[in-house]
Amino acid sequence: MSAGVIRAGGMTREVLVVGNGMAGSRFVQELLERDLDRRLRVTVVGDEPGGAYNRMQLSNVLAGAVRADDITLASEQWYTAQGVTLVSGRTVTRLDRRARTVVLDDGATLPYHVLVLATGSTAVLPVVDGLTRGDRLVEGAALFRTLDDCVRIDELARSSRRAVVLGAGVLGLEAARGLAGRGIDVTLVQRGGRLMERQLDAEASRVLARTVRELGVRIVTDAAVTAVTADARLSAVTLSDGATIEADLLVLCCGVRPRVELARDAGLAVGDGVIVDDRLHSVSDTDVVAIGECAEHRGRTYGLVAPAWEQARVAADLVADATRPSRYAGSSVVTRLKAAGVELATMGDTAASADGADGVEDIRFVDGARGVYQKLVVRDGRLVGAILLGDTRTVGTVTQLFDRGAMLPVDRASLLMVRRNAPAPTTQSPTALPGRATICQCNGVTKAAICEAWSDGARSVAAIASCTRATTGCGTCRDTVEGLVDWLAAADPEAPPADPEAPSGDAVVADDLSEAVPA
Amino acid sequence: MTRPAPDTATHCPYCALQCGMVLRPVDAGVGARLNVIPRDFPTNRGGLCQKGWTSAELLASHQRLTTPLMRVDRDAPLRPVSWDVALDRVAAEFRRAQARRGPDAVGIFGGGGLTNEKAYQLGKFARVALRTSAIDYNGRFCMSSAAAAGIRAFGIDRGLPFPLPDLADADTILLVGSNPAETMPPFTRWLTAQRENGGRLIVVDPRRTSTARQATLHLQPSPGSDLALANGLLHLVVAGGHVDADYVAARTAGFDDVRRVVASYWPERVERITGVTVAEQRAAVELLVRASQAMVLTARGAEQHSKGVDTVTALINLALALGLPGRAGSGYGCLTGQGNGQGGREHGQKADQLPGYRRLDDPAARAHVAAVWGVDPDDLPQPGRSAFELLDSLGTDDGPSALLVMGSNVVVSVPSAGRIADRLAALDFMAVCDVVLSETAERADVVLPVTQWAEETGTMTNLEGRVLLRRQAVHPPEGVRSDLDVVAGLAARLDAPGQWSTDPRTVFDELRRASAGGVADYAGITYERIADEDGVFWPCPSTEHPGTPRLFADRFATPDGRARFVAVEHRPAAEEVDDEYPVHLTTGRLLQHYQSGAQTRRVRALADAQPEPMLEVHPDLAELYELEEGDRVRVVSRRGAADGLVRITETIRPDTVFMPFHWGGSSSVNLVTSAALDPVSRMPEFKVCAVRVERVS
């Protein structure tokens with residue numbers, strides 16, 4: 001059972017984590033690494049069944065690229081082995097800050113010294129006629145947020161021929177692409193005029209739409225689903241312009257909303273999320289920490305894993321030892337679409353459009369026919385936003401420059417175009433090389449030295465090796481030296497021909513060791 | 001001598017490849033001039049690089065030391081003295097220091113270039129003659145991370161667990177942080193053979209080196225991010241269903257924990273940490289999983305980090321998940337750097353070690369070795385500080401006040417070298433054994449001129465774990481003695497118990513007994529067998545035993561015979577770039593030079609080819625800082641500065657500069673490097689720190 005040891009002179013501190021998603025589970029792992037002698041007693045409450053899994057991978061599971069079994073981040077057994085109490089499949093219904101307890105939906109009460117809210121987000125359920133029966137979605141319709149949702153869509157997809165995905169954000173695009181890849185006829189419906197409107201400008205959206213259409217996804221923009229037709233199972237959806245699309249599967253990707261009800265009801269300051277300071281403490285109560293999608297820091301909430309993990313690290317530092325200097329200063333945001341056949345990375349503020357005035361630059365390369373749209377937004381010589389669509393070969397460099405806020409190269413285009421590496425010297429004609437060119441790197445032998453050896457009578461590779469040492473190191477210049485010998489022979493037909501069997505002078509001797517052992 | 005001396009079959013004095021060569025006198029009976037002739041040995045197959053070809057030049061160099069030097073006090077110059085005066089002084093200083101402050105008042109610093117006999121004798125000298133715990137060696141800066149990771153996973157540390165020719169049979173080789181085309185050129189012949197057999201090569205290096213240019217796939221991560229890359233590759237292996245489940249079940253333990261940790265290294269996250277794109281990661285995994293035989297090889301680029309052990313562990317995890325170690329033509333290996341980097345870490349010059357790769361804190365090991373040495377096990381000291389910590393403690397209240405250095409040029413080769421120079425200056429006394437007046441010898445109170453490679457006989461253990469014989473080919477210059485002579489002379493003056501032979505073969509026979517039953521068991525290896533069998537691979541417990549070219553075929557050297565997966569997490573380098581120091585610095589070697597350059601800078605052809613260090617700068621960075629080819633610049637970190645000439649090249653990452661570490665004085669890049677240590681191996685973080693580049697007007 002729990003390894004929480006009660007130390008002389010004080011009670012064991014109870015750390016209660018509400019939420020076992022990407023943020024909560026990461027926090028627990030980070031905390032345990034900082035609490036090797038287990039001074040803290042850690043309890044985790046998660047409303048989904050089982051251990052923690054990698055929500056980032058759900059699109060890959062839906063696309064069939066990753067098995068659901070392989071996305072576990074922390075199994076129930078692992079929590080047990082670490083001495084962590086995991087309460088899964090339970091929801092926290094009430095927070096009593098005065099008593100320092102939370103109440104679960106089964107009536108149980110859990111105490112805390114430090115409460116970590118990692119409640120995440122809920123998927124937004126759009127208002128659509130006929131979508132629900134009682135408190136359930138009609139058969140054939142599904143949200144796409146949890147592993148359960150993913151499994152449900154996966155099962156529905158097995159018997160589906162036509163699907164509608166509502167919402168063309170990152171998740172909607174990934175779901176649409178994944179379903180299309182399984183041979184399903186997919187229509188992607190977007191309320192606004194652009195795909196991934198939080199990340200892309202209008203032109204990038206147009207290029208992306210073309211790419212996605214070529215992958216078999218129909219796209220309808222500036223439309224909403226207003227009604228669904230369902231008997232035993234969904235059979236059609238009706239759009240705001242009155243058009244009807246036959247569909248037996250409707251996947252709802254209409255965005256998420258931070259889960260803040262618990263915090264709000266307990267009187268904590270809440271904006272879009274639970275408002276926290278740089279220590280990730282609620283500004284209303286320093287015993288409450290909020291991380292992940294439910295937290296609002298400096299006016300921002302994040303819907304991505306990287307910020308959640310950065311917050312988890314800072315929070316774990318401070319829960320383990322409040323005197324540490326760790327502080328959270330906000331995150332830079334990079335989005336990478338996981339959809340087969342679509343290369344897309346976006347980061348930062350991509351909306352800016354400028355002409356160099358006020359130190360803002362906007363650099364673009366567009367090749368619509370090839371599905372390429374690349375854009376850099378630069379302020380004062382540093383990258384503040386980027387879109388790489390259709391060609392992401394420079395994404396590693398660009399992302400790191402963005403993350404570090406480093407000065408960009410003067411030649412901005414080098415961040416968009418991949419330079420071709422110069423061909424290896426061995427593929428060049430030896431005649432084209434200058435005399436000073438080094439042929440044998442290992443022994444520093446130039447072309448001129450080899451030509452001189454030829455003039456002095458070395459007529460084979462072996463003979464040239466013997467007098468210049470070329471080819472005797474790593475041996476990779478052998479082809480080039482052979483080429484030079486052929487070239488020299490052709491230019492000097494009077495010279496006696498090379499003898500391929502000629503021994504290489506002194507280059508190799510018999511390995512007679514026994515004679516040489518000193519007495 | 002009247003008739004010509006015979007050819008001497010021996011090995012190169014430099015790196016761990018220990019290329020076979022023959023030394024042939026130029027003129028019968030005259031002086032020390034020798035011609036170097038390559039030898040068709042199984043490792044180099046008749047190849048030699050420029051260093052090997054020119055290696056005999058230093059034998060006859062006018063820069064050789066041929067008489068002991070001594071200064072009467074710190075401000076006096078070094079002046080020639082007799083051997084007796086010099087050795088008497090060293091012994092007296094050691095006695096004085098120990099009388100005042102106990103046995104640990106004297107420290108010993110050894111080297112990975114010393115023969116097995118010398119490394120063994122030096123460790124014995126520390127434990128028996130001085131009874132000091134304060135001994136370590138520069139191999140701590142080379143092999144310690146791979147060694148610790150290898151022991152953790154396999155229960156044993158032998159650089160390559162298979163002979164080099166096995167490389168030719170691998171379908172895919174993943175080479176991480178190694179540039180053998182420049183650091184050990186004849187090794188590249190095996191990569192060529194592998195390519196000609198249809199094999200693929202993946203090179204991981206922040207520089208597009210000569211080796212990387214030969215690769216099927218070159219991954220160019222940010223310095224200090226190899227661990228994340230390795231975990232990311234394993235993530236993709238797992239996701240693609242390519243784990244060798246039968247192997248993992250039958251031959252390993254601990255995979256579940258690793259599987260859990262790498263689940264957090266999905267390719268898009270790894271791309272952001274490393275700069276290696278998702279597509280490149282997938283391509284690398286494709287080459288690995290498609291291979292029926294594959295190898296993962298590491299060198300200093302992966303290892304010389306404050307997370308070097310965990311980085312190697314992550315790569316071993318990858319190899320284990322693919323079922324490679326112990327399978328023919330497959331496995332994990334580390335490419336040793338220094339000439340005797342392998343043997344040097346087996347026989348007791350390391351702070352925590354006794355001969356035979358025994359542990360100094362193991363009572364059974366102490367009893368065995370003490371019996372061979374004829375002393376009471378309780379008289380042996382306990383483990384002492386690691387190399388950097390030892391040097392960093394010199395002249396402090398709880399560190400040694402006197403030091404003996406053998407086979408190392410610490411002033412040039414340690415990280416944060418300025419800090420260590422201050423520590424050396426704080427010593428009451430330092431003695432240095434060397435061939436030439438190195439930067440370290442210049443600062444000594446007593447300098448002892450010693451023999452080198454072709455002037456003495458001894459064994460070396462190469463990167464394969466193959467024990468080799470280097471033979472004497474010439475008489476040493478008048479006035480020069482061997483390191484074994486120095487140890488014996490000091491042991492006698494210190495009234496040390498036991499035998500202190502100056503004959504290498506006698507010392508080797510004692511080493512065989514001391515190593516018997518240990519992990520690195522040399523008991524069955526003799527000079528004759530080495531000569532007859534092209535070297536003998538350890539462990540070799542008896543003269544009838546054939547030696548062990550390949551390890552792990554049936555079991556690993558762990559108590560239950562299973563290899564261990566160990567879950568490891570990426571973390572940033574100890575020092576990341578910021579506005580003040582916006583560029584990564586990484587360091588390494590050039591083809592023409594070896595280690596601190598004490599030898600190679602004194603060979604004409606090598607010094608002419610690379611007379612001073614250059615700083616590799618990407619054209620983008622050069623343009624940003626308005627640098628031109630050949631500009632004299634200064635690389636500045638929080639610790640110090642080093643000068644070099646700009647060399648503009650597209651082979652380096654635009655966020656990184658590279659500088660070789662072969663020079664001393666104001667060109668010593670180790671004045672700049674970081675001394676952040678790995679928590680397990682105590683390896684310093686040579687391979688990454690944050691710098692800025694300034695033009696020197």
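Trainee: How many bridges join β19(B) to strand β20 of chain B, and in which sense do they pair?

Mentor: As a general idea, strands of a sheet pair through backbone hydrogen bonds, either parallel or antiparallel. Here β19(B) and β20 (residues 466-470) of chain B pair in the antiparallel sense over four bridges. Two strands count as paired if DSSP finds at least two bridges between them. Helices (H or I, at least four residues) and strands (E, at least two) are DSSP runs, numbered from the N terminus. To find this pairing in the viewer, look for B:Thr459, which stands opposite B:Leu469 in β20(B).

Trainee: Before we go on, what kind of model is this?

Mentor: This is a predicted model, in which local features need pLDDT of at least 70, side-chain atom pairs count only at pLDDT 80 or more, and totals for chains, interfaces and linings use all residues. Residues are numbered from 1 along each chain as its sequence is written, chains are lettered from A and ligands numbered from 1 in the order in which they are written, and side-chain values use heavy atoms, leaving out hydrogens and water.

Trainee: Thanks! In what order do the strands of that open sheet in chain B come?

Mentor: The order is β19-β20-β21 (chain B), with antiparallel pairing. β19 (458-461) and β21 (536-537) of chain B are at the edges with a single partner strand each, so one side of each has no neighbour in the sheet. Helix α3 (residues 116-130) of chain B lies across β19 and β20 of chain B, at about 95 degrees to β19(B). For such angles, axes are lines fitted to C-alpha atoms, for helices over the stretch in contact, and angles run from 0 to 180 degrees between N-to-C directions. Contact means heavy atoms within 4.5 Å.

Trainee: Which way do the side chains of strand β9 of chain A point?

Mentor: In a regular strand the side chains alternate between the two faces of the sheet. In β9 (residues 114-117) of chain A, A:Val114 and A:Val116 point one way and A:Leu115 and A:Leu117 the other, and all are buried. Buried is under 20% relative accessible area, exposed over 50%, and partly exposed in between (1.4 Å probe, protein chains only).

Trainee: And which strands pair with β9(A)?

Mentor: β1 (residues 13-18) of chain A pairs with β9(A) in the parallel sense over four bridges, with A:Leu115 as the bridge partner of A:Leu16. Strand β24 (residues 285-290) of chain A also runs parallel to β9(A), joined by three bridges; there A:Val116 stands opposite A:Val289.

Trainee: Now a helix. Which residues of α4(A) are buried?

Mentor: They are A:Asp149, A:Cys150, A:Ile153, A:Asp154, A:Leu156 and A:Ala157. Seen down the axis of α4(A), the buried residues fall within an arc of 165 degrees, so they line one face of the helix. That arc is taken from the directions from the helix axis to the C-beta atoms. The face turned away from the buried side of α4(A) carries the exposed residues A:Glu155 and A:Arg158. What covers the buried residues includes α2 (58-62), β13 (141-143), α5 (170-181) and β20 (249-252) of chain A.

Trainee: How does helix α4 of chain B sit in the structure?

Mentor: Nine of the 11 residues of α4 (residues 144-154) of chain B are buried, so this helix is largely enclosed by the rest of the structure. Among the buried residues are B:Ser144, B:Gly150 and B:Phe154. The buried residues of α4(B) pack against α13 (300-303), α14 (308-321), β13 (331-334) and β22 (563-564) of chain B. Just after α4(B), B:Gly155 takes a positive phi of about 80 degrees.

Trainee: How much area do chain B and chain A bury between them?

Mentor: The size of an interface is often given as the accessible area lost when the parts come together. Chain B and chain A bury about 4,800 Å² between them, 50% of it on carbon and sulfur atoms. This buried area is the accessible area (1.4 Å probe) that two parts lose on being put together, summed over both. B:Arg260, B:Trp266 and B:Arg272 supply 17% of the area that chain B buries against chain A, more than any other three residues. The contact takes 63 residues from chain B and 58 residues from chain A.

Trainee: Last one: where is A:Gly385?

Mentor: A:Gly385 is in strand β30 (residues 382-389) of chain A and is buried, with a relative accessible area of 0%. Not counting residues up to four places away in sequence, A:Gly385 touches several residues, including A:Met347, A:Lys375 and A:Phe402.
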